[in-house]
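Reader: I'm new to this one. Can you walk me through it?

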Amino acid sequence: MAGSGGRRQRGPPLFATEKPSRVAMAAYRLYAATVFAGVLLVWLYRATHLPPAGSGVRRWAWLGMLAAELWFGLYWVLTLSVRWSPVYRRAFKDRLAQRYSEDQLPSVDIFVCTADPAAEPPMLVISTVLSVLAYDYMPEKLNIYLSDDAGSVLTFYALCEASEFAKHWIPFCKKYKVEPRSPIAYFAKVTSPPDGCGPKEWFTMKELYRDLTDRVNSVVNSGRIPEDLQCNLRGFSQWNETITSSDHPAIVQILIDGNNKKAVDTDGNALPTLVYMAREKRHQEQHHFKAGSLNALIRVSSVISNSPIIMNVDCDMYSNNSESIREALCFFLDEEQGQDIGFVQYPQNFENVVHNDIYGNPINVVNELDHPCLDGWGGMCYYGTGCFHRREALCGQLNSQEYKEDWSMMVGRTEDANELEGMARSLVTCTYEHKTLWGSEMGVRYGCPLEDVITGLQIQCRGWKSVYYNPERRGFLGMASTSLGQILVQYKRWTEGFLQISLSRFNPFLLGRGKIKLGLQMGYSVCGFWALNSFPTLYYVTVPSLCFLNGISLFPERTSPWFIPFAYVMVVACSCSLVESLQCGGSALEWWNAQRMWLIRRITSYLLANIDTIRRLLAISESGFTLTVKVSDSQALERYKKGMMEFGSFSAMFVILTTVALLNLACMMLGISRVLLQEDAGGLENLFLQAVLCVLIVAINFPVYEALFLRRDKGSLPASVAQVSICFVLPLCILSICK
């Protein structure tokens, strides 16, 4: 076997690429054509009805509306172009099994990263590790690496406990075909024994897991490792009182050596290799956050297992499908197309998102509609988790017609564990990467908050293709943030990273010119231009409302023919968005919540991402990395389940959001009162669209008013946010009325 080498197909393909029906695509293109015609008419109206030079505020407000609508239209065209040709993938595991024996399949290295035991509890981390240890794959060809960037002895202890529990958990999972194989997720969902399992065996396993949880949580809560454990395991000797999360030596420990014939489970079967790694960190040395951690794992794994396939997953995103490795290999091992595939990206999914999610998590629409469209243009973004890589592609290898890879020639190692640990430690010192290509041409890219996205783009520009695979049974499940503040900070980081890519030499139109398809370049730019939506959106939700308060018309009358394109674009675009949400399993309420979050992100996360990027360009500040907290307060979680937004603390983002909400509430009440008191029916005709826009903004901000005026729990908006917002709103309303 020549890996995926050779271009001749030896049998039926190992995966299929399917397109939507012609009827569906024709309907979508008809919708797009009519909306685009409406957009053109909106632009034409703005250009031909410009108020005269002496009209003062109305002329300037009109020009601002023209600029905002020009941007909205152009951005919509960009988004539409990307969604022109989606594809969907199917993998055939049965054909893989028929064509390749178990001995011919490649070994796989799996990377799990954690950085803070407080934000990412050790029990959460080891549950993810256990889920990938129990993959339905040959244990001799499975190697799991945990990178602990905090160098925490608590995380190491938890992993030691997990290595012992795995001897019971892995055979149990494989014997009874357990899904999912994360114990924390499995025992939370399943309340009775699986088929064929007796009650005694079931309760014994459940008790083993409960004991594991109690021991780990007890040690984590106390912050101290029992002395008897420290004496029994040699690994603990590498920790001392001087070690901190930001200053510690390189530590590499092989907890389960898959090459050791004594490393077996309770049924006598071989166990996968399990390795703990904490790269060296010193205050004076740059460590490059998650990107540096992944590059260290690439080097450590190269001397211990050196598998041709690498998969990385976040510590809070456990494996939900024990067949994921075999499904991914269907793409790499296809004789005709597999040789060109650099990585296979699985979608991100979340298990804690409730029905009618108040944050309108759009993940289903993104996974089922947006990502297949990127795949249709020849590539999918690398999103930093749930991704299978070809090692050579990740390490900077160029793809060409001459390139061949022979996985059958790979041989096992002969060194013992102690020797390998010493070799590996030398590769993860904080000075190892000095004057090397790591972080630029090799491994994961440095210098950008979105190291994963820019790394995937570089891989594609070297000639590799990527595949998006969304199986019927989800490959991975994680934990979504349930706090508005955390969500907005996360989007700010993503937006800032995408904007930095767009403003750098890694701009997809520059880096990808002649290397990747124009549609894929545009796909990257849809996210790259997120930040630029902030100013037009902020303008659109403030200026029309202030003009409504002052009786200044910015839209055509309801009886005017020009009213039609404005109404058509708004109604049809929203209707199409609603239909897409319903098709992907959402509800009308979830869609409405998603529209609210769409607006909130644009006027908060996107806006501050713009500001911080400008500050970085002026050398006022530097890019950083914000770790998403993986634990939630129980009361906050209950509020989330009840559909209540979680605020709780003072934030500049909350000030912006509250200011916009209060401004529109004031403009709606005062504006409608002014029209009614003046009994000016004609005035309402002229201001109809502005009134509708103002009312919609007020309606969509109901959770903000609820947190301001009705709630008294810890998740409500603090009085300080309201006070600062009022200081902005009052002068704006007074100035508008005076004019």
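Reader: Let's start with G551. Is G551 buried, partly exposed or exposed?

Author: G551 is partly exposed, at 34% relative accessible area. Buried means under 20% relative accessible area, exposed means over 50%, and partly exposed lies in between (1.4 Å probe, protein chains only). This is a predicted model, where local features need pLDDT of at least 70, side-chain atom pairs count only at pLDDT 80 or more, and totals for chains, interfaces and linings use all residues. Residues are numbered from 1 along each chain as its sequence is written, and side-chain values use heavy atoms, with hydrogens and water left out.

Reader: Where is the place of G551?

Author: In the loop between α19 (543–549) and α20 (563–583). Helices (H or I, at least four residues) and strands (E, at least two) are DSSP runs, numbered from the N terminus.

Reader: Which residues is G551 in contact with, leaving aside its neighbours within four places in sequence?

Author: R674 and L687. Contact means heavy atoms within 4.5 Å. The C-alpha atoms of G551 and L687 are separated by 7.3 Å. Along the chain, those two residues are 136 residues apart.

Reader: New topic: S237. Buried or exposed?

Author: S237 counts as exposed, at 63% relative accessibility. The loop between α8 (227–232) and β5 holds S237.

Reader: In which sense do β9 and β11 pair, parallel or antiparallel?

Author: Parallel, over 4 bridges, with β9 covering residues 341–345. I341 has K465 in β11 as its bridge partner.

Reader: How many bridges join β9 to β10?

Author: 3 bridges, and the two strands run antiparallel.

Reader: Which residues cover each side of β10?

Author: Both faces of β10 (residues 387–390) are covered. C387 and H389 lie on one side, F388 and R390 on the other, and all are buried. In a regular strand the side chains alternate between the two faces of the sheet.

Reader: Now α9. How many residues does it have?

Author: Helix α9 has 16 residues, 289–304. From its first C-alpha to its last, α9 reaches 23 Å, close to the 22 Å expected at 1.5 Å a residue. The expected span is 1.5 Å times one less than the number of residues.

Reader: Why is α9 called largely enclosed?

Author: Because 13 of the 16 residues of α9 are buried. Just after α9, N306 takes a positive phi of about 55°.

Reader: How many salt bridges does the structure hold?

Author: 27. A salt bridge is a side-chain nitrogen of Lys or Arg within 4 Å of a carboxyl oxygen of Asp or Glu.

Reader: Which residue does K290 form a salt bridge with?

Author: D314, with the closest N and O atoms 2.8 Å apart. The pair links helix α9, which holds K290, to strand β7, which holds D314, 24 residues apart. K290 counts as buried at 16% relative accessibility, whereas D314 counts as partly exposed at 23%.

Reader: What about R299, which residue does its side chain meet in a salt bridge?

Author: E433, at 2.8 Å from N to O. R299 lies in helix α9 and E433 in the loop between α13 (417–426) and α14 (451–461), so the pair ties together parts 134 residues apart in sequence. Both R299 and E433 are buried.

Reader: Which residues do salt bridges that share partners join into one network?

Author: K492, E496, D612 and R615.

Terms used. Pairing = 2+ DSSP bridges.
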